Amino acid sequence: MLCCCGFVVKRQNSSLVAGLSSLATHFSCNLLVAYRPCDLKECVYVYKMRGWFGHTGQDIALTDLSLEYLFHPRSIAVAGVSGDSDGFNAGLRYLRIIADAGFKGRLHGVSPTSGEVSGFKIYSSVRDVPGEVDYVISAIPARFTPQLMTDCVAKGVKAVHFFTAGFGEIEDAGGKMLEAEILSIARNKSIRIVGPNCLGLYCPETGLSFSPQFPKQSGDFALMAQSGGNSVNCVCEASSRGLYFSKVISFGNAIDLNECDFLEYLADDLKTSVIGVYLEGARDGARFARILREATKRKPVIVLKAGSTDAGVRAAASHTGSMAGRKDMWESMLKQTGAIRVHSIGEIVDVALVFLRMSPPGGRRTLLIGPGGGASVIAADDCARAGLTLPILPAGSREKLKQIMGGTETGGGFRNPVDLYRPDLLKQAVEAACNWDEFDVLLAHLPFELYGLMPDDTKDVIRRVFIQAVLDLRESPFRPHAVVLHASTADRSRQQAMELRAKLSQAGFAVFESIGHAASAINKAMAYYEWRQRAVAGDEGGYYDD
């Protein structure tokens, strides 16, 4: 019985793949499709690894087949490991971080001075490493990288990640020549390159990592970024708010695998529900736009396009060698493709929180409830500016609130926003005021610098009472969509806000530091839901507009 049939195609062609799939179904076998013979070999490995042989009709998307192996190496060699205890050594740091992250495969170090460093066996060349080597991390000076690539070819390495910088991103002819040389070797000998000038891959499931700060817990959020530092920033910010990652890709100069390849892969990745993108420029703008439009039909893609000013364009060129492109062209393309445009790393996390921690609201009608008259007024303005609406609470609901508060509105206000000066009554107030026929979104908020006449200990108790009241609504049909703990400048309040935010995040709430951030993120998510509904229905003229 024929178990598997494999084909190599020159370019992506959906009708051709559909025809091949019909052929495979006719013969009751699995279909493997790849761009290059070397990728087809990796497809077979992925099939074996996942136990998919024998399950007829089990096909994988073309790009999924060609890149999945990057995140599942069986052996890793790090070039540039030194035991010099007096200085920082990137190669040794990679070995330690990956080992601590729980990588189950074989880890080796490479250095001209072989031996042993910190318990890791060090070999003088990649060629000398026993057994197969799937993935190599380069932490050596740029001038030595052509020889490293030659050694990787001889060893049969599948992919090389270049942490090494000093290539096309610098204004130096020698750097550009080195970049062209290693790329030529890679393309002639079918080795894929991640980078150069990047931190590489983070995949908690398999123990790949590039920071000791990264959690070992997996999630369904993915990030692809040209900046390693912004990748670290995003992972730390997201994990502090209860979001975890399936994959993070720091890809730097992207001379081989680029933003198009990684986006196409993540769009097909079953373990990724939301994609975040930090981009300074695109190698192939037309292809990127096509892939982005297809990706956004399947899952939200949140894009931070940097280099939108003259200063930013110059910075992008010197950072990753990227051509940032015209601002108006990028803005038009992102709208037409349904991407969600943001302007900071924090906003990437804000919007991802809405998708991953909130059920899709039916609209923008918002009920805002929390203590503080002045804070409520500012909050109402923030909601309106962001595109949310605050309908006036019906008279019947206001009367219920008045009875809960002792028969009076004195000290509060019950029109919407609801100024609730008794945080201990939050649960009763929400259940009395919130009617899903009249509202789509419930926002609970707590300004930290209230009750000026009270001592700090009393304020602490009030804040904790509010948080417990929110937690008591966790299983309620009136569970808040989002909770805002207003940022505070006082050290004591800031520390408590971090502790309470962590508590709410662990309970599954979407927590924000301002009403403006929450409202903007919710409105952007709503605009995406509306765009996708039009796009899936075939309205090709529709565009995303927040």
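Select Asp424. Asp424 is partly exposed, with a relative accessible area of 38%. The term means a side-chain nitrogen of Lys or Arg within 4 Å of a carboxyl oxygen of Asp or Glu.

A word on the model: it is predicted, so local features need pLDDT of at least 70 and side-chain atom pairs count only at pLDDT 80 or more, while totals for chains, interfaces and linings use all residues. Residues are numbered from 1 along each chain as its sequence is written, and side-chain values use heavy atoms, leaving out hydrogens and water.

How many salt bridges does the structure hold? There are 23. Select Arg287 and Asp261 for another one, with the closest N and O atoms 3.1 Å apart. Arg287 lies in helix α9 (residues 285–298) and Asp261 in helix α8 (residues 259–268), so the pair ties together parts 26 residues apart in sequence. (Helices are DSSP runs of H or I, at least four residues, numbered from the N terminus.) Asp261 is buried, with a relative accessible area of 12%.

Next, pick Glu499 and Arg464. Their side chains form a salt bridge of 3.7 Å, N to O. Glu499 sits in helix α17 (residues 491–506) and Arg464 in helix α16 (residues 456–472), 35 residues apart. Then show Arg74, Glu132, Asp134 and Lys158: salt bridges link them in a network.

Move to helix α12, residues 345–357. Is this helix largely enclosed or open? Of its 13 residues, 11 are buried, so the rest of the structure largely encloses α12. Among the buried ones are Ile348, Val351 and Phe355. Check the length as well: at 1.5 Å a residue, α12 should span 18 Å, and its end C-alpha atoms are 18 Å apart, which agrees. (The expected span is 1.5 Å times one less than the number of residues.)

Last stop: helices α5 (residues 145–155) and α6 (residues 173–189). They pack at an angle of about 10°, with axes 9 Å apart. That makes α5 roughly parallel to α6, a label for angles under 35 degrees. Axes are lines fitted to C-alpha atoms over the stretch in contact, and angles run from 0 to 180 degrees between N-to-C directions. Contact (heavy atoms within 4.5 Å) involves residues including Met149 of α5 and Ile182 of α6.

Methods:
Helices (H or I, at least four residues) and strands (E, at least two) are DSSP runs, numbered from the N terminus. Buried means under 20% relative accessible area, exposed over 50%, partly exposed in between (1.4 Å probe, protein chains only). Angles under 35 degrees count as roughly parallel, over 145 as roughly antiparallel, 65 to 115 as roughly perpendicular and the rest as oblique.
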